[in-house]
Amino acid sequence: MSVNVRIPTILRTYTDGKSEVSAEGANLGEVLADLERNHQGIGARVLDDTGKLRRFVNVYVNDDDVRFAEGLATQTPDGAGVSIIPAVAGG
Amino acid sequence: MAVHTASTSADPSGTTDSRVDLGPAAALSCRECGERIPLGPHFACTACFGPLEIAYELPDGDPEGLRKRIEAGPNNIWRYAELLPVPAGVADTPNLNPGFTKLVRAENLARELGVTGELHIKDDSGNPTHSFKDRVVAIAVQAARAFGFTTLSCSSTGNLAGAVGAAAARAGLRSCVFIPHDLEQGKVVMAAVYGGELVGIEGNYDDVNRFCSELIGDPIGENWGFVNVNLRPYYAEGSKTLAYEICEQLGWRLPDQLVVPIASGSQLTKIDKGLRELIALGLVEDRPYKIFGAQAEGCSPVSQAYKNGHDVVRPVRPSTIAKSLAIGNPADGPYVLDIARRTGGAVEDVNDEQVVDAIKLLARTEGIFAETAGGVTVGVTRKLIESGALDPTLTTVVLNTGDGLKTLDAVAPTSQATAIIRPNLDSFREAGLA
């Protein structure tokens, strides 16, 4: 499964400045592992020491926040868009 | 130690260091891992994605002198400029001069709620655009100027959009703000009237926030200062002024208990920060205080986490009339939990019916017409008193953060004319009003 991953500005040092890269994987965990293989170091920015999503990172598969879905087990269909976004407050 | 260049957006000034004059603000530091980086338009730590906040070099050693300088200052938030990330001449710049709103001794409400101690309402509906958001935006405008941004923007549940539009108009900046498309009409009009661009997004606040976060990483967002995204560390500090004012208005005294609304949770965390700063500076006595958080049941992820004993907040999809608090994924939620537990407070929620009842209770007893967020804090105060969590014999301050005229829909169905009569006394008598 090939998906498009949108990269936030603070992680673009790992992707040669690219705001979007492609990655392979049937679910989010596999996509992030593939991302790490091709852009070494990026995984540790998104996942904590125990392999969970960091609490101030929001990840969307298409329009769905993966915390409402299956987290790292969320399916990533072919052609899906994955967005990694730092959490921000607002109001 | 490595210094991370946590650039989260274009920095048109190319400056992220000591050339930026934001008064006592010394650096940005990560609230999660403690990493420090130079001042700049950044909001997330590159090391761990944690939120950045301002680290200060605050005045030291002369609390009496500082107190006198504050008391001699203008009747707005700039009297506390020495404690905020703003340049020394901030009061002379074109801005809305928000703050120093009324602290109302609520004796009628106290009687109604069975409170025997002091009960006060901090009524922030008195700000220029009728919500506390003028405080935070005023600080963000100074940061936007310092970093050379030419467009002021935000994601908003309504109040912030109006505050940004007005502040940008006064400061001579362009504004373009983003809101959920289905907000209350009062807030839409209030945001649009200042002449900036107002964009409705088909989705809820969390969808708007996500859109803005992506926009900021795109070349389109270059030169844009998003007050609650890339200027968020500065913006958020404006809420400290609520703590400063409450203590000064109480005669330089800490309240025993505060009831604060929770949307993102930022305001509550900064009120706590402000109180701790006043203690550290020697401006108030160092003694315990409790902070209580208030949410609407239809969007209560922090309250649910508190009640379940969790340290993390599971996002929810909001469904409540308290739209200004309808943030389903509150970024500062974990910090709110820490503060409520550390201070011995709590986080509680009330349903929409209780929100409406509380709005009318406050209006009926104190002549203060609060927006739905004020109904949430007053309703939660009542609930906390009934449960015994809040001590009615102590000094309590309840926040009203916005004006009821912005959320008329909430109370309109049950707040109509008592009678429609012909213009004569007989008709008045017939209506049973004589």
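This is a predicted model: local features need pLDDT of at least 70, side-chain atom pairs count only at pLDDT 80 or more; totals for chains, interfaces and linings use all residues.
Let me begin with a pair of strands in chain B: strand β1 (residues 25-30) and strand β3 run antiparallel and are joined by five bridges. Strands here, as DSSP runs of E, have at least two residues, helices are runs of H or I of at least four, and both are numbered from the N terminus. Two strands count as paired if DSSP finds at least two bridges between them. Within this pair, Ala25(B) stands opposite Tyr56(B) in β3(B).

Residues are numbered from 1 along each chain as its sequence is written, and chains are lettered from A and ligands numbered from 1 in the order in which they are written.

The two strands belong to an open sheet of three in chain B, with the order β2-β1-β3 and antiparallel pairing. β2 (36-37) and β3 (52-56) of chain B are at the edges with a single partner strand each, so one side of each has no neighbour in the sheet.

Chain B also holds an open sheet of six strands, ordered β4-β5-β13-β10-β11-β12, and its pairing is mixed. What stands at the edges of this sheet? They are β4 (103-105) and β12 (347-350) of chain B, and each has a single partner strand, so one side of each is left without a neighbour in the sheet. From one strand to the next, the twist averages 25°; angles run from 0 to 180 degrees between N-to-C directions, and axes are lines fitted to C-alpha atoms, for helices over the stretch in contact.

Within that sheet, strand β10 (residues 257-261) of chain B pairs with strand β11 (residues 290-296) of chain B in the parallel sense, over five bridges. Val259(B) is placed opposite Phe292(B) in β11(B). Helix α11 (residues 333-343) of chain B packs on the sheet and touches β11 and β12 of chain B, its direction making about 135° with that of β11(B). Helix α13 (residues 372-387) of chain B packs on the sheet as well, touching β10, β11, β12 and β13 (396-400) of chain B, with its direction at about 110° to that of β12(B).

I turn to helix packing. Two packed helices are described by the angle between their axes and the distance between the axes. Contact, throughout, requires the C-beta atoms of two residues, placed from the backbone, to lie within 7 Å.

α9(B) and α11(B) pack at an angle of about 45°, their axes being 8 Å apart. They are therefore oblique to each other, on a scale where angles under 35 degrees are roughly parallel, over 145 roughly antiparallel, 65 to 115 roughly perpendicular and the rest oblique. The crossing of α9(B) past α11(B) is left-handed, meaning that the near helix is turned anticlockwise from the far one by less than a right angle, and right-handed if clockwise. Leu268(B), Thr269(B) and Asp272(B) in α9(B) meet Tyr335(B), Val336(B) and Ile339(B) in α11(B). By class, this contact has four nonpolar residues, one polar and one charged; nonpolar covers Ala, Val, Leu, Ile, Met, Phe, Trp, Tyr, Cys and Pro, charged covers Asp, Glu, Lys and Arg, and the others, Gly among them, are polar.

Helix α8 (residues 240-249) of chain B meets helix α9 (residues 266-280) of chain B with axes that come within 7 Å and cross at roughly 50°. That makes α8(B) oblique to α9(B), and their crossing is right-handed. Among the residues of α8(B) that take part are Leu242(B) and Tyr244(B), and those of α9(B) include Ile271(B) and Leu275(B). Seven nonpolar, one polar and three charged residues make up this contact.

Between the chains, the contact takes 36 residues from chain B and 23 residues from chain A. On the side of chain B that touches chain A, helix α6 (residues 205-216) of chain B gives the largest share, five residues.

Finally, confidence. For the complex, the predictor gives an ipTM of 0.79 and a pTM of 0.91. Chain B has a mean pLDDT (the predictor's confidence in each residue, from 0 to 100) of 92, and 96% of its residues reach 70 or more. Over residues 1-15 of chain B, however, the pLDDT is below 50. Chain A averages a pLDDT of 90, with 96% of the residues scoring at least 70.
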